[in-house]
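Here is a short briefing on the structure below. Points are grouped by topic.

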Amino acid sequence: MKGETRMRGTMCGPVVLAALVVAALVVFAGAATQAAPPQTLEIWVHEFPPLQDALSKKWIPEFAAAHPGVRVKVTAIPFAGVVAYDAKLLSALSGGAGPDLWDMGDWHYKVFTDNKFVAPLDPTVFGYASTKEMIDAYVPGTTSIFERDGKLYGLFSEYNTLALFYNLDMFKAAGVAPLPADKPVSWRMIADIAKKLTQRDSAGKLTQIGYRFGFFANFRSPQWYAQDFYALMRQYGQPDLTVNGQPAVTTKPVTDAFQLLYDFTWTDKVYDPSFPANWFADLPQGRVAMLLAGTWFVPAMTPHNPNVRFGVAPHPVVDPENRATYQNVQWSWGWSVNANKPQASQRLAQQFLASMLGKKGETEQAVWWFKTVGYTHPKKVFYQSAGYKQELAKNPWLKAWESAFTTYKIDYVTHNFDEVGQALIRAIDRVVYDQMRPAETGRLLQAELGRLMGTK
Amino acid sequence: MRRIQLTYQTKFGLLFISPAALYFAGFWVLPVALAVVASATDWRIGRPAHFIGLSNYAGLVSDPQFHHALLASLTMTGIALASIVALALVLAVALNDSGLRLSRFYKLAVFAPVVTDWVATGLAWQLIFLPNQGVLAGLFEGVGLSQWSSLRWTSTRQLAPLAVAIFVVWKMTGLYTMVFLAGLRSVPREFQEAALMDGASATQVFSRITMPLLRPITVFVVVSGFVTVIGLFEPIFMLTGGGPADATRALPIFMYETFFQFQRAGYASAAGMVFLAICLVFALLAARQLPYSFYE
């Protein structure tokens with residue numbers, strides 16, 4: 001026994017020593033790893049396949065190659081629904097968390113800047129001497145949505161307006177001639193055409209609808225409810241849901257706008273909010289004949305429907321002979337940097353932005369975004385570039401956008417992601433789901449806005 | 001002053017329950033206390049809060065959106081809970097039959113949905129409810145009810161609450177089947193056998209002997225089911241997103257939107273307190289239906 005004990009004693013020393021050496025190596029290795037941790041840039045984007053592809057297949061690999069040791073992580077979040085992109089972004093940033101960099105709609109900039117969620121951009125990272133010079137590089141007025149106290153809090157992901165897309169094969173099958181590309185047609189004409197394009201089977205089930213608004217049962221997007229309604233309301237002559245700060249939704253222009261939604265859904269029966277299935281597939285797959293969309297619609301629909309034949313016409317108006325009714329909406333999505341992240345992370349995020357959007361005088365990035373994703377960056381040099389002109393020559397339908405900014409009075413919508421926007425959604429839903437008369441839904445909306453604004 | 005002497009067993013007992021007690025205090029009592037405080041303020045995210053007393057509660061009383069959300073919650077919970085209790089009881093009775101072959105397989109099949117994920121199964125249910133091309137549409141076609149195959153389960157305001165309830169019933173019935181099954185196994189057999197010997201029919205034995213003895217279990221199932229179902233967020237989010245036309249905009253969705261989308265944290269907290277009160281009142285009322293226990 002004694003011998004055994006001694007034996008164990010003699011074995012113990014080397015074993016303990018070896019264990020200590022291994023432990024020390026592990027500790028040193030860990031310390032070495034901690035000394036140079038990989039820097040992670042976290043990005044959130046709204047779900048839009050061409051955008052995700054752009055990041056994962058082009059911009060991230062290129063940035064990672066130029067910045068070894070930097071890991072870029074992208075999360076795409078669905079755009080519509082309850083826990084939609086907007087709500088998730090707001091809840092994360094409210095808690096001091098969230099990504100380093102994200103894209104978001106113009107409607108968030110005021111609240112997010114008020115709450116100091118967004119960091120000002122450093123013009124030198126983008127090759128400009130000052131913020132003023134950076135602002136001057138864009139078409140006048142376009143960056144105003146990102147500006148606060150002389151600083152820029154965002155940079156364009158896209159700048160867009162609406163035009164009418166239609167399925168040429170469905171038009172041909174119904175014996176309808178293509179729409180003029182240089183002059184808008186009336187909503188009445190759209191309804192009449194849509195009636196020819198709405199079809200049911202022998203059992204009375206809808207098989208295709210003539211027109212689809214941007215919102216429907218499976219896509220409850222506040223942005224699209226607001227965009228569609230604001231364009232109509234403005235065409236009928238009222239710029240906003242309020243007049244002099246007071247709710248004004250029992251007026252004739254607002255009632256007329258509701259009436260148009262009512263007629264399309266219930267009188268002409270060319271729109272059914274329960275029918276559409278997929279924002280980007282309905283038109284190319286022959287379920288929807290006409291819809292309003294931005295330039296990104298083509299890059300989004302063609303990968304899965306390469307043989308689709310489509311036409312583009314200017315945004316319909318109430319009266320093509322009355323220029324006052326030439327009203328359209330615009331929207332912007334911007335990239336922004338998290339103000340609650342360390343300076344190094346903020347700088348890295350801006351470097352990524354600069355590589356993806358281009359520095360002073362560079363146009364190749366903007367051309368790439370326009371060509372591949374359909375996103376417009378309203379830089380002066382972009383509009384002057386050969387790449388932009390080549391795209392216009394190759395895709396004549398893009399002229400609808402080029403002329404839209406000069407033909408129409410175009411403005412942002414005022415309410416969509418707030419409580420007023422939600423009240424508007426309810427008012428529209430009462431019309432398109434419950435067949436409520438326009439005057440009645442307007443009266444209920446007036447009461448709700450009165451309650452929300454404290455002006456009962 | 002008299003010093004309290006704790007026995008060795010009591011000290012050990014306290015030690016063992018302390019993790020659960022700490023968890024309960026940290027993740028339930030504290031958040032509820034904070035919500036109570038927040039509910040008495042005008043707190044908006046990113047802005048300082050001011051004490052406003054019961055104004056938020058007064059606002060809820062006159063808020064039609066809150067009333068609508070409450071009604072939507074109670075409707076969906078009512079449909080789902082009644083179905084769950086009835087179905088779970090029927091399944092438990094069937095599975096309690098000692099002569100049932102493959103009973104293990106059936107138990108597994110009934111319980112399997114419980115351990116699945118809401119989001120993953122929500123995607124599957126989206127496909128099931130798909131009009132014309134979905135599984136349900138195929139079933140209707142198969143049994144000659146082709147006029148029902150085009151029903152838009154998740155996108156019409158009449159059917160959407162039903163669709164959510166069906167999903168919830170599928171997901172949760174298994175759990176309460178097992179609870180009922182355990183209850184049925186603990187019903188003393190001699191009572192049933194004595195009744196049978198006295199000439200009672202199987203139906204009479206079930207309704208007069210088994211069901212009364214199952215009462216505590218039934219109350220547990222109803223209370224636990226109510227509190228769980230009324231607070232569910234995921235099935236609504238996955239199937240309808242609160243729509244169409246607010247048809248499924250239940251209380252959890254209302255609170256989430258009010259808090260995060262509209263940033264009215266104080267108001268959302270008040271709604272949360274009302275929600276908690278509804279659950280507590282329901283539980284208290286249900287508990288009053290427990291006049292006796294198994295062994296009396």
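Chain A has 456 residues, and 48% of them count as buried. The model is predicted. The mean pLDDT of chain A is 90.

**Confidence**
- In chain A, 91% of the residues reach a pLDDT of 70 or more.
- Where pLDDT is low, predicted coordinates should not be read in detail.

**Fold of chain A**
- Secondary structure in chain A amounts to 17 helices and 16 strands.
- The C-alpha trace of chain A spans about 105 × 60 × 55 Å along its principal axes.
- Take the contacts in chain A between residues at least 6 apart in sequence: 72% of them join residues at least 24 apart.

**Contact between chains A and B**
- Chain A puts 22 residues into the contact, and chain B puts in 20 residues.
- Two helices of chain A, α3 (85-94) and α16 (419-432), each supply at least two residues of the side that touches chain B.
- α3(A) gives the largest share of that side, with four residues.
- What is the make-up by class of the side of chain A that touches chain B? That side has nine nonpolar, six polar and seven charged residues.

Notes:
Residues numbered from 1 in each chain as written. Chains lettered and ligands numbered in written order. Predicted model: local features only at pLDDT ≥ 70, side-chain atom pairs only at ≥ 80, totals over all residues. pLDDT = per-residue confidence, 0-100. Contact = placed C-beta atoms within 7 Å. Nonpolar A, V, L, I, M, F, W, Y, C, P; charged D, E, K, R; others polar. Buried ≥ 20, exposed ≤ 12 C-beta atoms within 10 Å, placed from the backbone.
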